[in-house]
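Please review the briefing below, prepared for computational work on a single protein.

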Amino acid sequence: MKYKLILASASPRRKELLEQVGAAFEIIPATAEEVISSSSPKDVVMELSRQKAEEVARRAWEEPVIVLGADTVVALEDQILGKPRDQKDAQRMLGLLSGRTHSVFTGVTLIVKAEGRQQSRSFYEETKVSMYPIKQQQILSYIRTGEPMDKAGAYAIQGRCALYIKEIQGDYNNVVGLPVARIFQEIAESGIEIL
C-alpha cells in the first residue's frame, strides 16, 4: 500500500529538500500558535514538530497518509537562537556564533494514519556547526542581503553564510531544515512505501 506524504510546513527549504530526493508530497502548513513548555533545544524541536504534525493530521481525511512535522533551532550552549526579530538581533546572533561551534537541532514527527488508526513517532537530529571568526563589517554586509532575517540563528548554510562555515559534524541537510535521510530510514523501517 502506498502512502501519501503531507509536509506540515510552508518552509521553502524543506520543500526543496523533499523535491531533491524525489518525494511526491502535498504541503498543508500548520498555522496554530506554537506553545513551548521546555527550554531544552532537543525537547523544544520535538514538541513543536509534534504540535505541527498533530494539527495537520486532524485536517487530513484521506488515508493512508503520513504527516511530516518539523522544527529547527540553532543552539549555542543550550541557548536557543530562533529567527531574528530585526537586524540588530541578527547582528547579535551572528556575533555570538562567530568563531564558535554551535548545534542545529531539527525535531521531526511522523504521524501515520491508515485504516482508521493513527501512530506517531518523534525524534531529533543534531548537527554541530563550527564557524570561522566573522568581522563586524562582514556581519553587517551579510545582514544587508536580507538572507539572515527568516532563518534560525540568523544564517543560511546553503546561502552566502557558507563562506564562514569551517566544519560540520553530522547531517548537512539537517542544518538546512530537514534530515531527509533519517526521515526516509525511519519510514522504511516501518515498512511504509512513499517513493
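What percentage of the 195 residues of the protein count as buried? The share is 50%, where buried means under 20% relative accessible area, exposed over 50% and partly exposed in between, with a 1.4 Å probe and protein chains only. This is a predicted model, in which local features need pLDDT of at least 70 and side-chain atom pairs count only at pLDDT 80 or more, while totals for chains, interfaces and linings use all residues. Residues are numbered from 1 along each chain as its sequence is written, and side-chain values use heavy atoms, with hydrogens and water left out.

**Confidence**

- The protein has a mean pLDDT of 93, and 99% of its residues reach 70 or more; pLDDT is the predictor's confidence in each residue, from 0 to 100.
- Among the elements, strand β7 (residues 165-169) has the highest mean pLDDT, 98, and helix α6 (residues 180-189) has the lowest, 92.

**Fold and extent**

- The protein has 6 helices and 7 strands, assigned as DSSP runs (helices H or I, at least four residues; strands E, at least two) and numbered from the N terminus.
- Along the sequence, the elements follow the pattern β-α-β-α-β-β-α-β-β-α-β-α-α.
- Taken along the principal axes, the C-alpha atoms fill a box of roughly 55 × 30 × 25 Å.
- Of the contacts between residues at least 6 apart in sequence, 67% join residues at least 24 apart, a contact being heavy atoms within 4.5 Å.

**Largest pocket**

- The largest pocket holds about 740 Å³ of space. A pocket is defined on a 1 Å grid over the protein atoms alone, with a 1.4 Å probe, as an open set of points with protein on both sides within 12 Å along at least five of seven lines; lining residues have an atom within 4 Å of a point. Grid points are joined across faces, edges and corners, and a volume is the space filled by probe spheres set on the points.
- Its lining comprises 37 residues, of which R14, K52, D71, T72 and K83 lie nearest the centre.
- The elements giving two or more residues to this lining are α1 (12-20), α2 (41-59), β3 (65-76) and α5 (172-176), and α2 gives the most, with 6 residues.
- By class, the lining has 19 nonpolar, 7 polar and 11 charged residues; Ala, Val, Leu, Ile, Met, Phe, Trp, Tyr, Cys and Pro count as nonpolar, Asp, Glu, Lys and Arg as charged, and the others, Gly among them, as polar.

**Second largest pocket**

- The second largest pocket has a volume of about 280 Å³ and is lined by 16 residues, with V112, Q119, S120, S190 and I192 nearest its centre.
- At least two lining residues come from each of β5 (101-114), β6 (117-131) and α6; the largest share, 5 residues, belongs to β6.
- This lining divides into 7 nonpolar, 4 polar and 5 charged residues.

**Positive phi values**

- E77, in the loop between β3 and β4 (79-81), is a residue other than glycine with a positive phi near 50°; E77 is exposed, with a relative accessible area of 66%.
- A154, in the loop between α4 (136-144) and β7, has a positive phi of about 65° although it is not a glycine; A154 is buried, with a relative accessible area of 0%.
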